[in-house]
Amino acid sequence: MKELDPLLHSQLRLAVMSILMNVDEADFVFLKEKTEATAGNLSVQLDKLSNAGYISMEKGFVGKKTRTVCQITPEGRKAFEQYVEALKEYLNL
C-alpha cells in the first residue's frame, strides 16, 4: 500500500488543501472562516504547506490591512491527488 503523505494527514492542512483544490485562490480570512481555525494555527499550517511547495502565498495590502492570498501549486495538486488515491486503497474503494 502507498504511504499517506504525513504533511496532508493533518486535519487542518487537509482541510486547507481540500478548499484550495476547488477555488482559484483563497485569502487567509476565507480559509480561517471555512476551517474554523485560530489565526495562529492556520498561519503555522499555511507556512508548512508553503515550505513543502504545496501552496503559494502572496502577501499584500488592501488599504492599510494586510491580505494573504493562497493558491495550490501543481505539486500540491499532485500530492493531494496521490493522497486521495492512497486513501482509496486503504478503504478498498
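Predicted model: local features only at pLDDT ≥ 70, side-chain atom pairs only at ≥ 80, totals over all residues.
Helices (H or I, at least four residues) and strands (E, at least two) are DSSP runs, numbered from the N terminus. Residues are numbered from 1 along each chain as its sequence is written, and side-chain values use heavy atoms, with hydrogens and water left out.

## Overall layout

The protein chain has 4 helices and 3 strands. From the N terminus on, their order is α-β-α-α-β-β-α. Along the principal axes, the C-alpha atoms fill a box of roughly 50 × 25 × 20 Å. The chain has 93 residues, and 34% of them count as buried. Buried means under 20% relative accessible area, exposed means over 50%, and partly exposed lies in between (1.4 Å probe, protein chains only).

The accessible surface of the protein chain comes to about 6,200 Å². Carbon and sulfur atoms hold 51% of that surface. Accessible areas come from the Shrake-Rupley method with a 1.4 Å probe; for residues, only the protein chains shown count as cover.

Contact means heavy atoms within 4.5 Å. Take the contacts between residues at least 6 apart in sequence: 55% of these join residues at least 24 apart.

## Helix α1 and its cover

Helix α1 spans residues 11-21. Its buried residues are Leu12, Arg13, Val16, Met17, Ile19, Leu20 and Met21. What covers them includes β1 (26-27), α2 (28-35) and α3 (39-51). β2, β3 and α4 also take part in this cover.

## The hairpin

Strand β2 (residues 55-62) and strand β3 (residues 65-72) run antiparallel, joined by 8 bridges. Two strands pair if DSSP finds at least two bridges between them. Val62 stands opposite Lys65 in β3. β2 and β3 form a hairpin with 2 residues between them. Gly63, in the turn, has a positive phi of about 65°.

## Salt bridges

Side chains of opposite charge can pair when their charged atoms come close. A salt bridge is a side-chain nitrogen of Lys or Arg within 4 Å of a carboxyl oxygen of Asp or Glu. A search of the whole structure finds 3 salt bridges.

| Salt bridge | N to O distance |
|---|---|
| Lys2 and Glu89 | 3.9 Å |
| Asp27 and Arg67 | 3.4 Å |
| Lys88 and Glu85 | 3.5 Å |

Lys2 and Glu89 form a salt bridge. This pair links distant parts of the chain: Lys2 sits in the segment before α1, Glu89 in helix α4, 87 residues apart. Lys2 counts as partly exposed because its relative accessibility is 44%. Glu89 is also partly exposed, at 33%.

Asp27 and Arg67 meet through their side chains. They too link distant parts of the chain, with Asp27 in strand β1 and Arg67 in strand β3, 40 residues apart. Arg67 has a relative accessible area of 33%, so it is partly exposed.

Lys88 and Glu85 both lie in helix α4. They are 3 residues apart, about one turn of the helix. An α-helix has 3.6 residues a turn, so residues three or four places apart point the same way. Lys88 is partly exposed at 35%, and Glu85 is partly exposed at 40%.

## A nonpolar patch

Met1, Leu87, Tyr90, Leu91 and Leu93 make a nonpolar surface patch of about 580 Å². Patches are made of residues with over 30% relative accessible area and no salt bridge: like charges are joined within 9 Å, nonpolar side chains (Val, Leu, Ile, Met, Phe, Trp, Tyr) within 5 Å. Leu91 counts as exposed because its relative accessibility is 54%.
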